[in-house]
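I opened the model to look up two things. My entries follow.

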Amino acid sequence: MDMTRIRDHMVEHHVVRRGIRDRGVTRAMRMVPREKFVDPGFEEFAYEDAPLSIGEGQTISQPFIVALMIEKADLYAGDKVLEVGTGSGYASALISRIARHVYSIERHERLALQARERFEKLGYRNIDVRVGDGSKGWAKAAPFDAIVVSAGAPEVPVALKEQLDLGGRLIIPVGRGDEQRLKRITRTGAATFEEEDLGGVFFVPLIGEDAWTAAHPMYTATAPSSRMEETPCKLIAAVAEEFPSVDDRSFAALFDRFGESRIVLLGESTHGTAEFYEARAAISRHLIKHHGFNMVAVEADWPDAAAVDRWINGQMSKGDQPFSRFPRWMWRNREFSQFLGWLKGDNERRKALRDDPIRFYGLDLYNMSGSIRSVLDYLEKVSPETASIARERYGCLSPWQSDPATYGRAVLTDAYRSCEEAVLKQCTELLSRSLDDAASDGHDFLNASQSARLLAAAERYYRVMYYGGSQAWNLRDTYMADTVEHLLDFHGPTAKVIIWAHNSHIGDARYTDMATARDELNLGQLCRQRFDGLTSLIGLGTHSGEVIAASDWDGQAEKKQVNPSLPQSYERLCHDSGKPRFLLDLAADEELHASLVEQRLQRFIGVIYRPETERMSHYMSTSLSRQYDAFLWFDETRPLSPLTAPEPGTSDQETFPFGL
């Protein structure tokens with residue numbers, strides 16, 4: 001890996017693009033090798049904009065947060081700086097490239113010794129490290145021109161304020177759990193200080209006599225906020241278009257406003273919520289019946305969807321067993337099956353009238369789930385330990401996933417790398433067989449052309465997918481968008497398509513952390529760019545309830561309780577509006593649109609849900625009114641109804657679709 005190039009990319013995309021302008025900070029970040037401050041095997045993650053586990057229940061903060069804190073400390077070349085919470089030593093190293101001298105305190109002896117050793121190897125000789133209580137500061141070395149605290153305190157420790165020189169700046173996270181605020185305290189006199197609020201943050205707790213006790217849990221549970229954000233909530237309540245249920249006629253009619261679009265993308269904030277599937281089915285039926293939509297395309301593998309397309313058109317092939325791999329419940333569920341039954345009935349009616357049928361397609365051309373299964377099967381045979389690593393890595397492929405514990409379990413080994421070529425060959429052969437099967441009906445030309453496009457890039461895709469990361473995501477969503485464009489071209493100028501996919505695919509990535517922090521794009525963004533004025537993006541969300549999800553990739557489907565949405569999230573704004581079900585047209589009211597432009601947290605639950613690490617595993621910052629054209633809300637939701645496997649002695653062909 002070219003670490004210098006990757007380091008420059010991190011600075012440009014994760015730091016400068018997000019507003020860091022201090023040249024001293026950006027120069028230091030280009031100089032200091034962050035990969036030297038993570039454990040062996042973690043180097044590939046060093047320049048992701050995400051916190052990483054460093055042991056002892058501590059993390060190395062994401063690069064942007066480190067840069068922000070150092071910039072706000074307003075450092076000069078002659079400054080003497082105290083850092084509280086040495087951790088890996090990365091922040092101290094950066095500060096040492098700007099300031100005259102750095103004093104750094106760490107509570108954990110192992111981390112302090114490790115950081116000291118790193119400084120010596122890199123030749124950073126203007127840093128002193130000691131083990132101690134950071135909440136008490138370093139009195140013998142005081143006063144300091146700046147103090148940077150890399151852990152959250154319940155309030156600002158008095159000792160730290162007293163150790164500031166006149167004009168000195170203290171940067172510290174203050175507050176409980178998810179309600180932490182980053183503060184800048186400036187000493188203006190012997191007993192006077194100015195305080196600035198720099199925004200919300202999320203840090204491990206500062207343990208010490210003047211901070212939290214040692215019994216404090218790593219991430220404090222947050223009580224629901226008692227303060228409702230009046231203006232956004234009132235605006236949502238005023239503009240929201242309520243409906244009694246998705247079965248009511250008034251519900252589907254709400255979407256007439258999108259009837260002139262050529263592409264309507266319908267999202268979901270989880271892959272396991274019944275209301276999301278029922279709502280998308282009702283909207284799709286209405287758009288097909290009243291607005292001329294003639295295709296449904298979903299976030300699923302092309303070969304599996306081709307089997308469904310054959311079934312709804314009365315051309316089922318022997319051996320069709322679609323959606324038989326993890327996550328089976330995502331498409332093998334009662335709610336989706338009922339929609340397919342409607343499509344089949346409507347196509348029979350169209351055939352009698354000699355009208356063109358509705359077609360059904362999968363956008364995941366690479367047979368991703370089948371390929372992952374193939375990878376796991378192979379690795380299980382040659383190295384169960386390596387298979388465990390692969391399973392963990394696939395569990396954090398989502399663009400919002402930033403759980404350091406997950407990264408910690410996904411460290412690559414030489415055995416993992418040595419399997420690469422064999423796995424790539426196996427995946428490519430699997431793809432070829434799947435595409436041959438999909439091309440067995442009368443739709444040969446479309447399948448053949450898609451197969452040619454896919455096979456031309458298969459090796460690159462599988463190589464990228466094997467290691468994961470933003471390249472895999474970008475390649476996947478670009479091909480989804482290419483497929484949509486190809487389908488519209490194939491079916492002619494009157495063709496119109498409805499797309500079912502996760503919010504992370506259908507919301508415009510340019511207005512989320514996906515773009516600003518990870519340089520990722522997505523399907524919704526590309527559809528907007530390629531079909532300007534003809535694309536409608538509709539996100540779906542919920543506050544609480546139950547969901548079907550797994551705990552790990554390839555794990556069992558479980559019914560899980562969805563945590564109530566966090567106080568700083570868009571979901572909490574919708575919940576606090578007091579309305580149980582509504583459509584929010586984000587372009588209908590200028591004041592509403594403006595109030596929902598601000599970056600807030602938004603929840604994303606995929607096929608994996610880990611409620612115990614929800615803040616880090618399932619939230620990212622977004623701008624709701626720029627990300628979507630509309631947002632469909634269900635305050636409390638219930639789980640999907642997965643369908644069981646066919647009884648012994650039967651087959652999928654006899655019980656298709658999905659055992660009904």
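**Entry 1**

I found D346 and R349 both in helix α11, three residues apart, about one turn of the helix. Helices here are DSSP runs of H or I with at least four residues, strands are runs of E with at least two, and both are numbered from the N terminus. The model is predicted, so I note that local features need pLDDT of at least 70, side-chain atom pairs count only at pLDDT 80 or more, and totals for chains, interfaces and linings use all residues. Residues are numbered from 1 along each chain as its sequence is written, and side-chain values use heavy atoms, with hydrogens and water left out.

The side chains of D346 and R349 form a salt bridge, 2.9 Å from N to O. My rule for a salt bridge is a side-chain nitrogen of Lys or Arg within 4 Å of a carboxyl oxygen of Asp or Glu. D346 is buried at 7% relative accessibility. R349 is partly exposed at 42%. I call a residue buried under 20% relative accessible area, exposed over 50%, and partly exposed in between (1.4 Å probe, protein chains only).

**Entry 2: salt bridges elsewhere**

How many salt bridges does the rule give? The count comes to 32.

I looked at R169 and D79, which form a salt bridge with their closest N and O atoms 3.1 Å apart. R169 sits in strand β7 (residues 164-174) and D79 in the loop between α3 (63-72) and β3 (80-84), so this pair ties together parts 90 residues apart in sequence. Both R169 and D79 are buried.

Next I took K183 and E195, whose closest N and O atoms are 3.3 Å apart in a salt bridge. K183 is in strand β8 (residues 181-187) and E195 in strand β9 (residues 193-200), twelve residues apart. Is K183 buried or exposed? K183 is buried, at 15% relative accessible area. E195 is exposed, at 54%.

**Entry 3: α9 against α11**

I returned to α11 (residues 334-352) and its packing with α9 (residues 274-291): the angle is about 15 degrees and the axes are 9 Å apart. That makes α9 roughly parallel to α11, a label for angles under 35 degrees. α9 passes α11 in a right-handed crossing, that is, the near helix is turned clockwise from the far one by less than a right angle.

I listed the contacts (heavy atoms within 4.5 Å). Among the α9 residues that meet α11 are Y277, R285 and I288. The α11 side includes F339, W342 and D346.

How values were computed
Axes fitted to C-alpha atoms, helices over the stretch in contact; angles between N-to-C directions. Parallel < 35°, antiparallel > 145°, perpendicular 65-115°, else oblique.
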